[in-house]
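Colleague: I have a few questions about this one. Can we go through it piece by piece?

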Amino acid sequence: MEYHKDRFVDASLLVFKGEKLIAVIPANRVKDVVHSHQGLTYGGFVIDGALKLKDTMEAFKSVLKHMQNEGVSSFNVKLIPSIYAMVPSEELDYLLFLLQARLIRRDVLSVIDYSAFPMKISNNRKRGLKRAKANGLIVKEGTDFQSFWNIVLIPNLKKRFNRAPVHSLEEIERLHQQFPMQIRQFNVYRDNVIVAGTTVFETETVAHAQYISATEDKQELGSLDILFHHLINTVYKDKRYFDFGISNENQGKNINEGLLYWKESFGARTIIQDFYSLETHNHTLLDQIMQ
């Protein structure tokens, strides 16, 4: 998170049991509120996979006590989507119930589960793939973030939403240098001219399309169809999940219907990511849970 430390007041925490690190909380602080880090797509209470419920509860209780002692009144928690857990891990969901946390936002992610693969894709995607092949489009993996950012992504976001990518070009290039196997760039070319691309963030089990963008002629060319056909069926076919990310707007209260339809037309289905707010002084509610 060093690359955007100037944007946030860091409040991240490490939790130890004796000498062993058992949990990490990426977080930032705004006045008397701590947030699961607002500069991260996913991130909440990251625990050791071997940690049992009682130790998880004690760790989270110690975090809330520490925050209260530091003058923090509330903690806004962004849960990690279930597909990113290496083992079943919903301890925090239960603890938030006990702590009387309020659900303040719910996003929908469109995800392909490879255990149900191959998925049924729509005829629109099949026709798009045929157009892409007829137009001679080629998908290449490389490190040309610059062309994707400057020619495709930035102009597209500016025109459609009047905003810029969360990561600047310099930031994404720096992150790729640090994590070359986890951050990968795939671009689509027609006659050596870029027409589409996606930046994929990988975990051991999930491939997540962090940025997706194409030039205005994407429908005529089929550029995104050939790109994601290649990723889903070839590059990431051995993953457990392919995550297209959210289609939400307005803090989860609205859905971009066209974007959702496009993702689902590849066979993706919905899972959720929840956001909660809890008062730090409520840590006392965990004192008498174990009988």
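Modeller: This is a predicted model. One place to begin is Asp 287, whose side chain meets that of Lys 61 in a salt bridge, 3.4 Å from N to O.

Colleague: Where in the chain do Asp 287 and Lys 61 sit?

Modeller: Asp 287 is in the segment after β15 (269–279), and Lys 61 is in helix α1 (residues 53–69). The two are 226 residues apart, so this pair links distant parts of the chain.

Colleague: And is Lys 61 buried or exposed?

Modeller: Lys 61 counts as buried, because its relative accessibility is 8%.

Colleague: How many salt bridges does the structure hold?

Modeller: There are 12 salt bridges in the structure. Among them is the one between Asp 107 and Arg 105, with 2.9 Å from N to O. Asp 107 has a relative accessibility of 2%, and therefore counts as buried.

Colleague: What does Arg 184 form a salt bridge with?

Modeller: Arg 184 pairs with Glu 141, and their closest N and O atoms are 2.7 Å apart. Arg 184 belongs to strand β9 (residues 183–190) and Glu 141 to strand β8 (residues 138–142), so the pair links distant parts of the chain, 43 residues apart. Glu 141 counts as partly exposed because its relative accessibility is 45%.

Colleague: Which residues are joined into one network with Glu 141?

Modeller: Arg 184, Glu 202 and Lys 239 are joined with Glu 141, through salt bridges that share partners.

Colleague: New topic. Which residues touch the most other members in the largest nonpolar core?

Modeller: That core has 29 residues, and those touching the most other members are Phe 45, Phe 60, Phe 75, Val 77, Leu 92, Leu 96 and Leu 278.

Colleague: Which elements give two or more residues to this core?

Modeller: They are β1 (13–17), β2 (20–25), α1, β6 (74–78), α2 (91–98) and β15. The largest share, 6 residues, comes from α1.

Colleague: Now the surface. Where do Lys 120, Lys 126, Arg 127 and Lys 130 gather?

Modeller: Those four residues gather in a patch of positive charge on the surface. Lys 120 is in the loop between β7 (102–113) and α3 (123–134).

Colleague: Why does Lys 120 count as exposed?

Modeller: Because its relative accessibility is 76%, and a residue counts as exposed over 50%.

Colleague: What about the backbone: what is the phi of Asn 250?

Modeller: Asn 250 has a positive phi of about 55°, although it is not a glycine. Gln 251 is not a glycine either, and its phi is positive too, near 55°.

Colleague: Where does Asn 250 lie?

Modeller: Asn 250 lies in the loop between β13 (248–249) and β14 (254–255), and Gln 251 lies in the loop between β13 and β14 as well. Asn 250 is at 48% relative accessibility, so Asn 250 counts as partly exposed. Gln 251 is exposed because its relative accessible area is 52%.

Colleague: Last one. Which loop holds Val 166, and is Val 166 buried or exposed?

Modeller: Val 166 lies in the loop between α4 (145–161) and α5 (169–178). With 52% relative accessibility, Val 166 counts as exposed. Its C-alpha atom is separated by 34 Å from that of Asn 282, which is 116 residues apart from Val 166 along the chain.

Key. Residues are numbered from 1 along each chain as its sequence is written. This is a predicted model: local features need pLDDT of at least 70, side-chain atom pairs count only at pLDDT 80 or more; totals for chains, interfaces and linings use all residues. Side-chain values use heavy atoms; hydrogens and water are left out. Patches are made of residues with over 30% relative accessible area and no salt bridge: like charges are joined within 9 Å, nonpolar side chains (Val, Leu, Ile, Met, Phe, Trp, Tyr) within 5 Å. Accessible areas come from the Shrake-Rupley method with a 1.4 Å probe; for residues, only the protein chains shown count as cover. Lys and Arg count as positive and Asp and Glu as negative; His and the chain ends are not counted. The place of a charge is taken as NZ of Lys, CZ of Arg, CG of Asp or CD of Glu. Helices (H or I, at least four residues) and strands (E, at least two) are DSSP runs, numbered from the N terminus. Buried means under 20% relative accessible area, exposed over 50%, partly exposed in between (1.4 Å probe, protein chains only). A nonpolar core is a set of buried Ala, Val, Leu, Ile, Met, Phe, Trp, Tyr and Cys residues joined through side-chain atoms within 4.5 Å.
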